[in-house]
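Here is a structure to read through by question and answer. Please have a look at it before going on.

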Amino acid sequence: HFKNITGSIPQSITKLKHLVLLDLSDLSLSGPVPNFLNQLTLLDRLVLSDNQFSGSVPPNLSDLKDIRNIYLDGNKLTGSIPESYGKFTGTAPALYLARNKLTGPIPKSFGALAYPYIDLSRNKLTGDASMLIKPNHDFTTFIDLSRNQFEFDLSKVKFPKNLNWFDISHNKIFGAIPDEIKNLESLNQLKLGYNRLC
C-alpha cells in the first residue's frame, strides 16, 4: 500500500470507464472531493477515507446508480450533508461520513431511504436524526451518530429489527429508553451515554 501520495484527484481518472472500485484511502490527498467522480458510472465502492480532503461533500455521488459503499470518513469536509443523499438513483449505499467537520441538520429526505450502514459520528451535526431509525428499514444494521449535537426524543423511536450496532452517545438526546430495545435480538453494541435521557 502506497503512503504519502499528495495532491488532488486528477480529472483524467474519469477515463477509467469500467472502474468498479476506487480506493484511495490513507494517503495524503487534499483539495476537494471532485464532482467529476460521478462520471465513473459503474462505481460500486468509493473509498477516500483518512486523507486531507476539504470543502463540501459532493452532492452528485447520488447519481451513481450502482454505488454500494461511500467512504468519506476521516477528512476535513465541511458544510452540510447534501439533500441529494436522501435520493440515490439506486438503493441507498453504506454511508461513512465520520470524523469530519460537517454541520447543520440531516436532510429530511434521508427518512425515505434505508441505509444498511450509516456512520455520521464525530462531526458537529445538529437537530433531529430520528428519521434514520425506522422499524420498516430491515436492511439497516449499523447506526453511529455519536459525538455530534443531535437533539430528539428517543422514547418515540421505533427500531429496525435487524439492528446490530447503535451508538448515539455524546449528544443532546432526551426522553426515555424505549422498552422494545430489549427485543432486538441482533443488537450487540448499544451506546447511549452522555445524553439527557431520563
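The questions below concern a predicted model.

Me: Is Gln-52 buried, exposed or partly exposed?
Reply: Gln-52 is found in strand β5, which covers residues 52-55. Its relative accessible area is 36%. Buried requires under 20% and exposed requires over 50%. The value for Gln-52 falls in between, so the residue is partly exposed.

Me: Which residues is Gln-52 in contact with, leaving aside its neighbours within four places in sequence?
Reply: Contact here means heavy atoms within 4.5 Å. With the neighbours within four places set aside, the partners of Gln-52 are Leu-29, Ser-30, Gly-31, Asn-75 and Lys-76.

Me: What separates the C-alpha atoms of Gln-52 and Gly-79?
Reply: Along the chain, Gln-52 and Gly-79 are 27 residues apart. Between their C-alpha atoms the separation is 15 Å.

Me: How much accessible area does the nonpolar patch of Val-20, Leu-21 and Leu-42 have together?
Reply: Leu-42 lies in the loop between β3 (28-32) and β4 (45-47). At 34% relative accessibility, Leu-42 is partly exposed, and a patch residue needs over 30%. With Val-20 and Leu-21, Leu-42 forms a surface patch whose accessible area is about 230 Å².

Terms used. Residues numbered from 1 in each chain as written. Predicted model: local features only at pLDDT ≥ 70, side-chain atom pairs only at ≥ 80, totals over all residues. Heavy atoms only, no water. Helix = DSSP H or I, 4+ residues; strand = E, 2+ residues; numbered from the N terminus. Buried < 20%, exposed > 50% of the residue type's maximum accessible area, 1.4 Å probe, protein only. Patch = residues over 30% accessible without salt bridge, like charges linked within 9 Å, V, L, I, M, F, W, Y side chains within 5 Å. Areas by Shrake-Rupley, 256 points an atom, 1.4 Å probe, with all protein chains shown as cover. Salt bridge = Lys/Arg side-chain N within 4 Å of Asp/Glu carboxyl O.
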